[in-house]
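Here is a short report on a sheet and its salt bridges. The structure comes first, then the details.

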Amino acid sequence: MAEALLFASREPVGEAELAERLPRGSDVAAILEALSAHYAMRGVNLVQVAGKWAFRTAEDLAWILAREQVEERRLSRAALETLAIIAYHQPVTRAEIEEIRGVSTSKGTLDVLLETGWIRMRGRRRTPGRPVTYGTTEAFLEQFMLASVQDLPGLDELKGSGLLDSAVPAGFFVPVPDDSSGLHEEEDPLDQDELFDFPENDQEPQDDSTG
C-alpha cells in the first residue's frame with residue numbers, strides 16, 4: 001500500500017501523510033526503510049527529499065534519460081551566486097547578499113529566483129528600512145536532491161570538489177545553513193499582500209556586473 005501511494009503521488013509524501021492512509025498502527029518508518037532497501041539497487045530509488053519520500057531515477061542511470069529532458073534556461077552566474085548565498089546565510093537581506101558578493105544585486109536576479117520557487121520572502125529585518133529577508137524552499141531541496149539544507153557541502157567538501165581554493169583566507173568559514181520555517185528573533189512577519197507583491201524598497205540597483 002505504501003509503495004502504491006508513493007508511486008502514484010506527483011509530490012514527495014511525508015510520513016504523517018502515509019500514516020493517515022495506511023492501516024492504523026502501521027510502522028511507517030520500518031515500511032519506508034524496507035522499501036528504501038528494496039529499491040536501493042534498482043533503476044529507481046526511494047529517497048528522502050525535503051523531509052519527505054519520493055521515487056527518483058537512480059543517479060548512475062540519469063544519463064540514459066538525458067536525451068529525453070528538455071533543456072531549461074540556465075541561471076546566470078549572478079543568480080547562482082545569489083542562490084548560494086541565500087542557501088547558506090538565510091535569513092538574509094539583499095544588502096547582505098550584496099556585501100558578501102561585493103557587487104549590487106538587481107531586482108531581476110531575485111525575481112528569477114522567486115519565479116523558480118527555490119527562494120521565498122521570509123519576513124522583514126528589524127532594522128531601519130525593514131528590508132525583506134530571503135530563504136530557500138522545499139522546491140530548492142527537491143531540485144538539488146537534498147533531504148535538508150544541512151546536507152549542503154561544508155568547507156572540507158567544497159575544497160575537495162575543487163570549488164574552493166585549498167588555500168582559503170585565514171578566518172574564512174562556511175556557515176551552517178538553517179532553513180527553519182519559524183521567524184528568527186530579528187525578523188518580523190510579512191504583511192499578507194507582500195506575499196504576492198515584490199517589495200518596493202528592494203527595487204533600487206539596476207544590475208550586477210557578473211550577469
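Glu187 is buried, with a relative accessible area of 2%. Buried means under 20% relative accessible area, exposed over 50%, and partly exposed in between, with a 1.4 Å probe and protein chains only. Arg122 is buried too, at 6%. The side chains of these two residues, Glu187 and Arg122, form a salt bridge, 2.8 Å from N to O. Glu187 belongs to strand 6 and Arg122 to strand 4, so the pair ties together parts that are 65 residues apart in sequence. A salt bridge here is a side-chain nitrogen of Lys or Arg within 4 Å of a carboxyl oxygen of Asp or Glu.

This is a predicted model: local features need pLDDT of at least 70, side-chain atom pairs count only at pLDDT 80 or more, and totals for chains, interfaces and linings use all residues. Residues are numbered from 1 along each chain as its sequence is written, and side-chain values use heavy atoms, leaving out hydrogens and water.

Four strands make an open sheet in the order 3-5-4-6, with antiparallel pairing. Strand 3 (92-93) and strand 6 (187-189) are the edges, and each pairs on one side only. Strands are DSSP runs of E with at least two residues, helices are runs of H or I with at least four, and numbering starts at the N terminus. Two strands pair if DSSP finds at least two bridges between them. Strand 4 (residues 119-125) and strand 6 pair in the antiparallel sense over 3 bridges. Arg125 stands opposite Glu187 of strand 6.

Helix 5 (residues 77-89) packs on the sheet and touches strand 3, strand 4 and strand 5 (132-136). Contact means heavy atoms within 4.5 Å. The direction of helix 5 makes about 90° with that of strand 5. Axes are lines fitted to C-alpha atoms, for helices over the stretch in contact, and angles run from 0 to 180 degrees between N-to-C directions.

**Salt bridges**

The structure holds 10 salt bridges. Three of them are tabulated.

| Pair | N to O distance |
|---|---|
| Lys52 and Glu138 | 3.9 Å |
| Arg77 and Glu81 | 2.8 Å |
| Glu187 and Arg122 | 2.8 Å |

Lys52 forms a salt bridge with Glu138. Lys52 lies in strand 2 (residues 52-57) and Glu138 in helix 8 (residues 138-143), so this pair ties together parts that are 86 residues apart in sequence. Lys52 is partly exposed at 29%, and Glu138 is partly exposed at 40%.

Arg77 and Glu81 both lie in helix 5, 4 residues apart, about one turn of the helix. Arg77 is exposed at 54%. Glu81 is partly exposed at 25%. Arg77, Glu81 and Arg101 are linked in a network of salt bridges.
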